[in-house]
Amino acid sequence: MSTATPAGEAPKTGKRDALRALESPAQAKWDAIKAFETDAPTIEEHQNVVDLHQKYPKFMGCMAYPYMNGRLHLGHAFTLSKIEFAAAYERMLGKRVLFPQGFHCTGMPIKACADKLAREIEMFGKNFEGYEKAIEEEQIAEKLKNASVTQEKSTDPSKGKKSKAAAKAGTSTYQFQIMQQLGVKNEEIHKFADPLYWCEFFPPLAIKDMTAFGAKVDWRRSFITTDANPYYDSFVRWQMNVLKQLDKIRFGERYTIYSPVDKQPCMDHDRQSGEALGPQEYTAIKLQVTEWAESAQQVLASVSELAGKNVYLVAATLRPETMYGQTNCFVGTEIKYGLYQVNDKDVFFITERAARNMAYQKIFSNFGEIKKLAEIKGDLVIGTKVKAPLSTYPEVYVLPMENVLATKGTGVVTSVPSDSPDDFATLQDLQKKAAYYKIQPEWAAFEPIPIINTPSYGNLTAPFLCKLKKINSQKDRVPLAEAKELAYKEGFYQGTIVIGEYKGLSVQEAKPKIRDVLIQSGEGFVYNEPEGLVMSRSGDECVVALLDQWYLDYGEDHWKAQAEKCLAEMNTFTNETRHAFEQTLGWLNKWACARSFGLGSKLPWDPQFLVESLSDSTIYMAYYTVAHMLHDGSLNGSTPGPAGIKPEQMTDEAWSYVFKLGEYSSNIPIPQATLDKLKREYEYFYPLDVRVSGKDLVPNHLTFFIYNHVAMFPEEMWPRGVRVNGHLMLNREKMSKSTGNFLTLDDAIEKYGADATRLALADAGDSVEDANFEDATANAAILRLFTLLEWFEDQIKASSELRTGELGFHDKVFETEMNNLIVRAKEAYDGTYYRDALKYGFYELQSSRDWYQQVCANGMHRDLVNRFMEVQTLLLTPICPFWAEHVWSNLLAKPDTVMNVSFPEPTAEIDLAVLAAAEYIRKTVKSIRDTELAQLKRKKKQTENAYNPDAPKILKLYVATSFPEWQDGGIQVLKDNFDQATGKFDDVKIREQLKSQGLMANKKMMPFLNEQKKLVEKFGAASFNRTLLFDEYKTLQHSLDYYKKALNFQDITVVTTENFTEDDKKAAEQAMPGTPAYYFANI
C-alpha cells in the first residue's frame, strides 16, 4: 500500500498516515448503512415476550457516562474499550447489540468551574486581556515590597513570597488557562461562565472523539442529564417519586460531608479530592480544666470572655469503654489550639479544624458560626489539671506527646496506658525523662489502671505488648503500630470489662452502654469529621455537618438483602470486584440525595432541592432503551423522536407503564399503542448485560446502581454483570496534566491512529489492577498492522502462484493451529480478556503463519493463505475495526461490511496430536542449535578432528521408542504415593520405596522425579502418562527438508532404537521419547 506523505509531513509518520487513511472510508460506510443503530424486534415481528430473547438473542452494555467538564482522555478510552470490544464481539455472535452512550452534567463540577470563570472575567476582562497586566503589576508591587525587607531577612527580592496571581501564573491554575489547554479559543471562553454552555459544548466533542475511535454506539439514544433535557428530567423525577413511594427516600437528621463555601452536602462527584470518604464518628470526651498551668494562666488572664465559664479540653476517642483508665491527657506542643465559645457557659479547647466541624453539627449555639476567644500553643498548657470523666483518678495532668496530629480528631488525646501501647510508651518516656520533656515528675506519676481483661495479654494489655515487642519509646513507630492493632482486636473481640458499672460484660456489649452514660451525663457527645481530607470543587476543605436531609436509606436490612442477592447472581468478572462490592454493601448506609445548588433535576415534592449527581445516574440504562423514540439523538431533547411524544406527556403513570411497573390508564395522555412500542424496546434490551466502569466507582455509583435496580425493577430485570477496570497509567507513570504525561482521546488518535490506539489499549491490561498504555506498544502496533497489510496485498497479487491441491503435513499443522487459536481467542473474548485475545488472535496467529511460511519448501497452500487472511481479519475486527473493514471489503472483496460477519469457526475438531507434533518440531530445532553450541564449547580446546559447524556437516537424530527403565520405575513410585483427592505426594513414602527398590542410587532420579511432580501438580494425574500423541519418527521425516535449510546441514539421518548400531548406542544414551539425541560430524 502507498506510504506517500503529505508535503511538509515528517516521513516517519507515513505508515501511521496510511493506516489513518483507512478510517474515513470505513466510517462513511458504517454511517451510510446505519451499522450501529439497533432496534428491538417489533410487536408485529414477534408478539410473544416469553421467547423473545431465545428467538432474537441480544446484548446490551454500556459504560458509566463521562462527566462533561472537558474532553475525553485516554483513561476514558481505556474503560470505553472494554465495552467497545465486547459489543463488537457480541455482534459477531449473531446478537442484536445495543451500545448507547449518554453524558453527565449534573452536580457541582461544571457549576464550580463556571463560577471560577465568572470571577476571572471580573478580574481580567471578557477575553482575559487584563491578565498579563495584572500579573505584571502584582509582580512589581511584590518586588517593591521585598526590596524594603532588611538585608538580614533577604538579599534577593525575587525570593520574596509571590502574590496569589503571580503564584498561579506559572502553574496554569486559573480556569481560563485550563480552558485554553482544552483547546477552547480565547474569545469563546467567556461563554463557559454560563454552566449550561458546558452541556452544549463538550458532549458533541465527546461524540466526535468516540466516533473517530470507532465506537459502535447507537447515537440516537444519547442525551445529557439535568433539566436541560426535559425528557430525562421527567424520567429522573419519576424515579424519585417511585423511590419515595417505596419508602426508600426518607427525611431526617444525618451526618454528611458538607462544603461550607457551597453551603450544601458535598457528595463524591462534587469533590476535587477525597472521593469515597465519609463521616467518621467519635465520642468526644470533655475534660474540664480545674487549674491552668502557670504559663497558660499568663496568656489567658487577659481574656475576659473566659471569666465564669467552664473550659473543657475535648478529646475524640473511638474507645469510650477505656475512659475508666485515663491517667492524663496529651496535647501536641507545637500545635496552635483555640478556645472556642460553645454557649453562654462552656468553652472548648480544640484545634481550628475540629471547631469548623463542630460548628456544623449543632454543638455550638449557632449553626456554622465559630467564635474564637483565644489562641494558645500546646506547650503552654502542659501541667494543666483536668477532671477526666469516669477516671479512677479525680484529677490528671495535661502532658506532651510527640505524634499528636492537628489533622485528626481534636488535637487533644485521652491517655489510657493500660490498653493503648502509644499512651503507655509515651508515659514511660515522660516518667524516665521528666526534665527533658520539661514536666514535673509528679505530673506523670500515675500508674496504669486495669480496665479490660484479655485471654492473651491479661488486664494490662499495653504494658504486656510493649514488653513483648521490646518497645522502649514513643519513637518506636512500627512496632507500636503492630501492638496497637493487636491490642484493639484482642480487647474488642475477646476483652471483658473489669471495672465500673458494667464490670463482667464483654467489651462489645459494654462499649455502647458506656458511650451512652458519657453522653447522657453531659461528659461526652457525638462528634464527626471526614475520614480524610475532602476538598470540594469550589476549593474549600469540607467538614461533617448534621443536617435535616432527604436521603436514600441504603443499608436498610431488606433493601440490603435484595442488593446482596443481585450481587450473588451477577457476573463481576473478577473476585476482586466481587469482594469490593461485598465490602461496600457492608458499610454503605444513608446517602443524601438532594442538594441546593448546581445543575440537575428538581426534587419533585420539594423543588427547593436538586437531585444530587450520584442519585440521578443509577437506572439511566433503562432510559437508553427508549431515548431514541423520545428525542432521536437530540442531546437536550429539543427534537421530538419518532414516537411524537412531548416531554410533558411523559407522566409518572406513562413511565411506569413503559417499564412494566403499572397498568395503562386513561389518564395517560399518550396512546397505548405508542407506549407499547417504547415498552417493547425496554422488555427486549433489558436486563442490562454488562456495565463497565473504573474501580473507583464501586464504593458509590456502581453500588447505587445495584440498590436502585433492585428497588425499582422486578428480579428478571436486575443487572447481569459489572466489569470494572483499574486506572490507566501512561508509560508506567500516572496520567497528569500538570506533569504533561497526559493524552486526550483526540490526541491519541492523532498521534497513533484509531486502530493502533485501540490495540495498545487492548494490550494495556484486563484486571482491576492499574493498567499501562505504552507509547512503544502503540508505535509497534502501527508497524505490525502496516506490515501485515502489505503481506496481505502481496499474497493477493501472487495468489495464482500459490500451491493448490492436496494438503500436506505442514498444511495440516497450520490449519490445526489456526483452528486452535480461533478457539483460544474466542475463550479470551468470552471472558473479556482482551490482552489474551490479542495474544492468540494476533501475535500467535502471525507466529504460526511465519512458521508455516518457513517450513513450506514448495510454497504455501492457496486455500490456507486465504483462510489465514479471513481468520486474521475477523479475530482482529473487535479491536482494529478500520483495518479489518478495509481488508474485508477492499482486499478480500467481500460483499458485506465486516461488521455483519460472524466470528470464525474451526474447520474441524482440534487434533491434539498435530499440535503436539508442531510443538515438537519447533522445540527440536532449538534443541539441535543448543546442543551443537554446547558441543562446540566442550571441544574448544581440541585442535585435531574438532567439529567445525561452518564446514559441510551432517546430523544424525536418535529416536528412542521407550523410556529408560529407571524412569519408568520412578514414575510408578510417584503414582503409588499420589493422593488424587488432595493432589499431594507422600514424600516420606516415596523415599522409602525408592530405597527399597534400589532406585535412589541413580543420581538422576530425584531431579527427574521433582520435575515430574511439578507437572502432575500443575496439570493433574494425566501427566503420569508420557506416551507421545504423535509418531516421532514420521514427524521428523516430514521436517527434514526444513531442518536442513534452517540448520545448514547437508544431510540428516533419523535412526530409531531398533536400528541402533553399537556406536549409535553411546551417542543415543540421552535419547527418550519426545527428546532425541544428536550426533554432529563434518563430511
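Biologist: At what angle do the axes of α26 and α27 cross, and within what distance do they come?

Modeller: This is a predicted model, to be clear. The axes of α26 (residues 809-830) and α27 (residues 834-855) cross at roughly 175° and come within 8 Å. With angles over 145 degrees counted as roughly antiparallel, the two helices are therefore roughly antiparallel to each other.

Biologist: Which residues of α26 make that contact?

Modeller: His810, Asp811, Phe814, Glu817, Met818, Leu821, Arg824, Ala825, Ala828 and Tyr829. On the α27 side, the residues include Tyr834, Tyr840, Glu844, Leu845, Arg849 and Val855. By class, the contact of α26 with α27 has 12 nonpolar, 3 polar and 6 charged residues.

Biologist: How far apart are the end C-alpha atoms of α26, and what span should its 22 residues give?

Modeller: The ends are 32 Å apart.

Biologist: New topic. Is the peptide bond between Tyr686 and Pro687 cis or trans?

Modeller: Cis, with omega about 5°. Pro687 lies in the loop between α21 (672-685) and β23 (690-694). Most peptide bonds are trans.

Biologist: Back to helices. How do α30 and α34 pack?

Modeller: α30 (residues 912-938) and α34 (residues 1032-1047) pack at about 45°, with axes 10 Å apart. That angle makes α30 oblique to α34. The crossing is right-handed. From α30, the contact uses Ala917, Tyr920, Ile921, Thr924, Val925, Ile928 and Arg929. From α34, residues in the contact include Leu1036, Ser1039, Tyr1042, Tyr1043 and Leu1047. The contact of α30 with α34 divides into 10 nonpolar, 3 polar and 2 charged residues.

Biologist: What about confidence: what pLDDT does the chain average?

Modeller: It averages 92, and 96% of the residues score at least 70. Over residues 4-10, the pLDDT is below 50. That stretch has 6 contacts beyond near neighbours in sequence.

Biologist: How many contacts beyond four places in sequence does the model have for residues 150-171?

Modeller: The model has 24 of them for residues 150-171. The pLDDT stays under 50 over that stretch.

Key. Residues are numbered from 1 along each chain as its sequence is written. This is a predicted model: local features need pLDDT of at least 70, side-chain atom pairs count only at pLDDT 80 or more; totals for chains, interfaces and linings use all residues. Side-chain values use heavy atoms; hydrogens and water are left out. Axes are lines fitted to C-alpha atoms, for helices over the stretch in contact, and angles run from 0 to 180 degrees between N-to-C directions. Helices (H or I, at least four residues) and strands (E, at least two) are DSSP runs, numbered from the N terminus. Angles under 35 degrees count as roughly parallel, over 145 as roughly antiparallel, 65 to 115 as roughly perpendicular and the rest as oblique. A crossing is left-handed if the near helix is turned anticlockwise from the far one by less than a right angle, and right-handed if clockwise. Contact means heavy atoms within 4.5 Å. Ala, Val, Leu, Ile, Met, Phe, Trp, Tyr, Cys and Pro count as nonpolar, Asp, Glu, Lys and Arg as charged, and the others, Gly among them, as polar. pLDDT is the predictor's confidence in each residue, from 0 to 100. The expected span of a helix is 1.5 Å times one less than its number of residues.
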